[in-house]
Amino acid sequence: MKKRIAFLFMLLTSAVLFSGCSSIDSRLERCFFERSGISEDADYLQYQEYDQSGMLDEDGYYTNADIFNVSDAEETQPLTGTVHVTFAENRYLQISYYTDAEQTVKIDTTACYLNPGDSIYASNAFNTNPNSSLYRLSEFRIFEYGDGGERNALETRNASDSGLVYQIPEDYTGTELSILPIGEYPNLQISLNAYSIDEDKEKQTLTDAGIWYINETRCDESLAEISSIESYILKFDYDEGHFFYVAASPEPFTRNPENTGVVEFWETELTEENASYSVELHAYLSLTVKLETGGTVSVNGASAQSVAKRKTWSDEKLRYGDKIVIETDGACSITAGDYQYIQATVSETDDGLRYTFTITQDCDDAAVSTLSQLGISVNWSIHVDLLSDGKYGSCTYKLDGTEVSGTLTIQSDQTLTATYHITDSNYIFAGSTGLIFDWVQNVLSNFININQKTVTIPLSMDMDNQTIVPDDWLFSVK
């Protein structure tokens, strides 16, 4: 306020001097004064009151210092530091500066004078950028100014957790320093994921189900780094020959990705870190149906296909939501395929029965029981792991006469056999009834392979996802 009163005093003095010129009409003087708005200013009115009360000195200053506020009083305090430090403003970063690491002594950035050896610390920078939450403090640049106004770069310090911006060297002889906070838009990582939900409702990553593109540039990694200040278009071109589309996050731009083979996302301007995009696919489902007396099959309302007596109908590219309508006057059975995904209803028609199968997203572990209650027999399947190593030898397996190993899918109407080969000469198959028999068995082993035994493994749905171990229950040795 003190400065403002002084300014008004100088302005009034100028007006008086201006009015004293004989070449200027007094009416022009009044016009300038009225247009200036000074006569209505609150400080001017206060100034007039002080003047009339004799409370101004000869220079026009108020003589009672008690009326000035604290900040005005601070402006007049003597500053003893020899180095004047200025702080450039970054309009997108709000930063406070301190002389101590604990940040208890705040620096007045409008009037900062420090001494050699003093330190400058910065608070965490607060992002005020209205366009992007990604903007952040990158570094501080320290400059000095010479007597002639020339600027020299002294140091660049990366923003750090310690908060230290600069420590003036003990032997520093300059008088002018400047601190510049520099911000940046860091590159952004976005996560790209294609996955499928398996029968156990577990998410399985798909690595070969399609290709991601960012602005038409192919991306083969699950993490992509892009500029955070440029917009981008993201799309996923999936293998529609083997997979069908289920869902995507966030909501894609493509109206019908299940029909186009491409999932395209809206053009995005980045405002958040760690953007994530995902596409859920599923391998096509299959179904094979046998009609004992023949009939017709229609998929999703299309023209019905005729099926001859005791022949089968099949489809290898079924999706969630597909509806299969079967009409027959005899038995209907499912001989192969993903029956776990079928929800069925049965109704009577004038000519027999109508079976309606809907492919659902939920895998029903009790589908065989559920379908059998509707009169639909199922040739179920199980998944097993075949262990070949035994305690006393090795085991080989055959499925319908063909040798198999490892992980296997078996239909209920198939035959699985196991042959155990004892390789340890100290053991034979159990079942001997005495020393003489054992002697005969040992003699015969020189002519025929009696240390080998084959059995047929009885299949059941309880074996699904189990491991067949020969020594546990198939063979007994002694």
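Two strands are said to pair if DSSP finds at least two bridges between them. Helices (H or I, at least four residues) and strands (E, at least two) are themselves DSSP runs, numbered from the N terminus. By these criteria, strand 21 (residues 295-299) is joined to strand 24 by five bridges, and the two run antiparallel. One point of this pairing is Val 299, whose bridge partner in strand 24 is Ile 324.

The model is a predicted one, in which local features need pLDDT of at least 70 and side-chain atom pairs count only at pLDDT 80 or more, whereas totals for chains, interfaces and linings use all residues. Residues are numbered from 1 along each chain as its sequence is written, and side-chain values use heavy atoms, with hydrogens and water left out.

The protein chain as a whole contains eight helices and 35 strands. Of its 478 residues, 36% are buried, where buried means under 20% relative accessible area, exposed over 50%, and partly exposed in between (1.4 Å probe, protein chains only). The chain exposes about 28,800 Å², of which carbon and sulfur atoms supply 46%; accessible areas come from the Shrake-Rupley method with a 1.4 Å probe, and for residues only the protein chains shown count as cover. A contact is defined by heavy atoms within 4.5 Å. Among contacts between residues at least 6 apart in sequence, 66% join residues at least 24 apart.

Thr 328 stands opposite Leu 353 of strand 27. Strands 26 and 27 form a hairpin, with two residues between them.

A second open sheet has four strands in the order 31-30-33-34, with antiparallel pairing. Its edge strands are strand 31 (402-404) and strand 34 (452-457), each of which pairs on one side only. Neighbouring strands here are turned by 30° against each other on average, direction ignored. Within this sheet, six bridges hold the antiparallel pairing of strand 33 (residues 416-422) with strand 34. Thr 417 has Thr 456 of strand 34 as its bridge partner.

The charged side chains come next. Side chains of opposite charge can pair when their charged atoms come close. How many salt bridges does a search of the whole structure find? The search finds seven, a salt bridge being a side-chain nitrogen of Lys or Arg within 4 Å of a carboxyl oxygen of Asp or Glu.

One of these salt bridges joins Glu 184 to Arg 136, with the closest N and O atoms 2.8 Å apart. Because Glu 184 lies in strand 10 (residues 176-184) and Arg 136 in strand 7 (residues 136-145), the pair ties together parts that are 48 residues apart in sequence. Glu 184 is partly exposed at 27% relative accessibility, and Arg 136 is partly exposed at 42%.

Glu 139 and Arg 141 also meet in a salt bridge (2.8 Å, N to O). Here Glu 139 is buried, at 14% relative accessibility, whereas Arg 141 is partly exposed, at 34%.

Another salt bridge is formed by the side chains of Glu 292 and Arg 310 (3.2 Å, N to O). Glu 292 lies in the loop between strand 20 (285-291) and strand 21, and Arg 310 in the loop between strand 22 and strand 23 (311-318), so the pair ties together parts that are 18 residues apart in sequence. Glu 292 is partly exposed at 31% relative accessibility, while Arg 310 is exposed at 54%.

The cysteines complete the account. A disulfide is a pair of cysteine sulfur atoms within 2.5 Å, and by this rule the count is zero. Cys 332 is buried, at 1% relative accessibility, and Cys 363 is buried as well, at 10%.

Note on methods: Axes are lines fitted to C-alpha atoms, for helices over the stretch in contact, and angles run from 0 to 180 degrees between N-to-C directions.
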